[in-house]
Amino acid sequence: MIVMGSRSIDVKTSLDDTFPKVQRAIGNSEYKIKTIVPNQMIMAEGGREFRWLWMIIMILLIWPAALVYYFTRQRSSVTVVTSKTDDGCKVTITSTGKTGDVVLESIANIL
């Protein structure tokens with residue numbers, strides 16, 4: 001099951017002040033930044049979403065299935081899009097996966 005989250009936040013600070021905060025939060029989360037457009041968008045990915053119990057059972061019984069299972073699991077991700085507003089900026093955060101939601105919350109907390 002893929003967990004998805006989304007949040008939109010109006011921030012009173014400028015894009016030039018807000019975007020570095022978002023970058024630091026993602027950098028501290030052990031996610032790899034895949035795409036970045038300065039002061040507009042960041043897309044980052046984390047680890048794969050899988051269940052250890054399934055993995056252990058498959059390794060013990062049919063190890064090739066464990067490899068297929070692992071490599072077909074979707075990676076957790078977070079995408080942050082920023083846009084300028086009259087009195088600051090708007091930050092839209094979208095996440096997939098359990099750890100993506102954790103990163104989403106850490107970004108929301110620093111803003």
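Which strands does helix α4 lie across, and at what angle does the helix run to β5? In this predicted model, helix α4, made of residues 98-110, lies across β1, β4 and β5, and its direction makes an angle of about 165 degrees with that of β5.

## The sheet

The strands that helix α4 lies across, β1, β4 and β5, belong to an open sheet of 5 strands, whose order is β1-β5-β4-β3-β2 and whose pairing is antiparallel. The edges of this sheet are formed by β1, residues 4-11, and by β2, residues 32-37, each of which pairs on one side only. On average, and with direction ignored, neighbouring strands of the sheet are turned by 15 degrees against each other. Strands of a sheet pair through backbone hydrogen bonds, in either a parallel or an antiparallel sense.

One of the pairings within the sheet joins strand β4, residues 75-85, to strand β5, residues 88-96, in the antiparallel sense and over 9 bridges. Along this pairing, S83 stands opposite K90 of β5. K90 is also in contact with D10, which touches C89 as well when neighbours within four places in sequence are left aside. D10 itself lies in strand β1.

## Salt bridges

E105 forms a salt bridge with R7, with the closest N and O atoms 3.5 Å apart. This pair links distant parts of the chain, since E105 belongs to helix α4 and R7 to strand β1, at a separation of 98 residues. E105 counts as partly exposed because its relative accessibility is 34%, and R7 likewise counts as partly exposed, at 33% relative accessibility.

The other pair is formed by D87 and K12, whose closest N and O atoms are 3.0 Å apart. Here, too, distant parts of the chain are linked: D87 is in the loop between β4 and β5, K12 is in the loop between β1 and α1, and 75 residues separate the two. D87 is partly exposed, with a relative accessible area of 46%, whereas K12 counts as exposed, at 67% relative accessibility.

## Residues with positive phi

Two residues that are not glycines deserve a separate description on account of their backbone angles: E30 has a positive phi of about 70 degrees, and N39 has a positive phi of about 60 degrees. E30 is found in the loop between α1, residues 15-27, and β2, and its relative accessible area of 75% makes it exposed. The C-alpha atom of E30 is separated by 26 Å from that of D10, although the two residues are 20 residues apart along the chain. D10 is also exposed, because its relative accessibility is 63%.

N39 lies in the loop between β2 and β3, the latter strand spanning residues 41-48. Is N39 partly exposed or exposed? With a relative accessible area of 25%, N39 is partly exposed. When residues up to four places away in sequence are not counted, N39 touches L15, D16, F19 and T82. The C-alpha atoms of N39 and V22 are separated by 10.0 Å, the two residues being 17 residues apart along the chain.

I57 is partly exposed, because its relative accessible area of 38% falls between the limits of 20% for buried and 50% for exposed residues.

Terms used
Residues are numbered from 1 along each chain as its sequence is written. This is a predicted model: local features need pLDDT of at least 70, side-chain atom pairs count only at pLDDT 80 or more; totals for chains, interfaces and linings use all residues. Side-chain values use heavy atoms; hydrogens and water are left out. Two strands pair if DSSP finds at least two bridges between them. Helices (H or I, at least four residues) and strands (E, at least two) are DSSP runs, numbered from the N terminus. Axes are lines fitted to C-alpha atoms, for helices over the stretch in contact, and angles run from 0 to 180 degrees between N-to-C directions. Contact means heavy atoms within 4.5 Å. Buried means under 20% relative accessible area, exposed over 50%, partly exposed in between (1.4 Å probe, protein chains only). A salt bridge is a side-chain nitrogen of Lys or Arg within 4 Å of a carboxyl oxygen of Asp or Glu.
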